[in-house]
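Me: I'd like to understand the charged pairs in this protein. Could you walk me through them step by step?

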Amino acid sequence: MGFNLPPAGNDGYWGPVTATLDWCEENYTVSYYIAEWWNTWSNLIFPAAALVGVWSSWQTKSEARIYAMYLALAVVGAGSFAFHATLTYTMQLSDELPMIYGTCVSVFVLALMWPPERGTLAVTAGLVVYSVAVTAIYVQIRNPVFHEVSYGLLVAATVILPIRHLLKMSDTHPKETRTLVILFVASFTTYITGFVLWNIENLNCVAVREWRARAGFPLRVVGQLHSWWHLLTGIGAYGSSVLNHYMRLLALGRKDVRIKWLLLVFPLVVADESRKRE
C-alpha cells in the first residue's frame, strides 16, 4: 500500500481495501460499516467551516468566487469522509482530486486579488489545464506521491501569494495589516502543525499503534494523528479562506467589513456599517 503502512484491524462492510492507501488507523475496530472511524468523523470540520464561510459570504455580499472557495472545503470534507469510511479506490479519488480543484479556487482568488483583473482568462486556463493534467496522470499512474507533490505545489502558492498581498496591504490598508498578519500566521501555523502530526504517524505507524494499544480508551483517541491532520488542516484552510476573503474585499475598496472573532479564536468576515463613516 502507499507509504508502506502495514494494514491492521478487521474486515468490514466495504470489503477488501482497493485504495492505494491504507492509513495508520486500524480498520473496522469501532463499526462494521466505517473502515477508519476517527479519520472519517474528523472530516466534519470541513462542512462546518464551509457553512460559516458561506454565511459570511452572504452577509458581506461577496462574489461568487468567495462562495466557491468556502464550498470547496465542504466538497473536500465530503470526499475525505467517504474515502476513510470505505477505503475504496473510487472514494479515494473523491477525496484527493477535490483537494487539487479546491486549492485551485483559492489560487484563482489570490492570483486575481487586485482590480483591474488583467489575465483572468490566462489564470483560469492555466488552473484548468493543471487540474486536468494532474487528474489524467494520477488516474493512470496511481502514485500517491505524485498527488502529494501536485497538491503541495498549489499549497505553496497559497502561502507565497498572500505574503505579496500583505506587503502591499501594509501600504494601502495599514490599519488592517495587523489583523491580516495574525490571520496568516495563525492559519499557516495550524496547517503546518497538522502536516507535522500526519507525517509523524506515517513515519512511525507501528510505534503509534503500540502506544494507542497501551494507552487504551479514551486516551488512545488522542493518538489518532491523522484525525488531528483533518481537524488542524480544516481549521487552517478555513482561516486561509477568511484571509483571502477579507483581503479581496479590502482590495475592492470595501470599508464596511471587518474580522469578528468568535470565542476569541474563530475568525469570520462580517459587514459593519459603522465602518463606512470612518
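Reply: Happy to! A salt bridge here is a side-chain nitrogen of Lys or Arg within 4 Å of a carboxyl oxygen of Asp or Glu. Please keep in mind that this is a predicted model.

Me: By this rule, how many salt bridges does the count come to?

Reply: Side chains of opposite charge can pair when their charged atoms come close. Applying the 4 Å cut-off, the count comes to eight salt bridges.

Me: Which residues are linked with Glu-63 in a network of salt bridges?

Reply: Let's start with two pairs. Glu-63 meets Arg-65 with N to O at 3.9 Å, and its closest atoms to Arg-248 are 2.8 Å apart. The network that holds Glu-63 also links Arg-65, Glu-117 and Arg-248.

Me: How many residues apart in sequence are the parts that Glu-63 and Arg-248 tie together?

Reply: Glu-63 lies in the loop between helix H2 (45-59) and helix H3 (64-86). Arg-248 belongs to helix H10 (residues 225-251), so this pair ties together parts whose separation in sequence is 185 residues.

Me: Which helix holds Glu-201, the partner of Arg-212?

Reply: The closest N and O atoms of Arg-212 and Glu-201 are 3.1 Å apart, in a salt bridge. Both residues are buried. Arg-212 sits in helix H8 (residues 205-215), and Glu-201, eleven residues away, sits in helix H7 (residues 174-203).

Key
Residues are numbered from 1 along each chain as its sequence is written. This is a predicted model: local features need pLDDT of at least 70, side-chain atom pairs count only at pLDDT 80 or more; totals for chains, interfaces and linings use all residues. Side-chain values use heavy atoms; hydrogens and water are left out. Helices (H or I, at least four residues) and strands (E, at least two) are DSSP runs, numbered from the N terminus. Buried means under 20% relative accessible area, exposed over 50%, partly exposed in between (1.4 Å probe, protein chains only).
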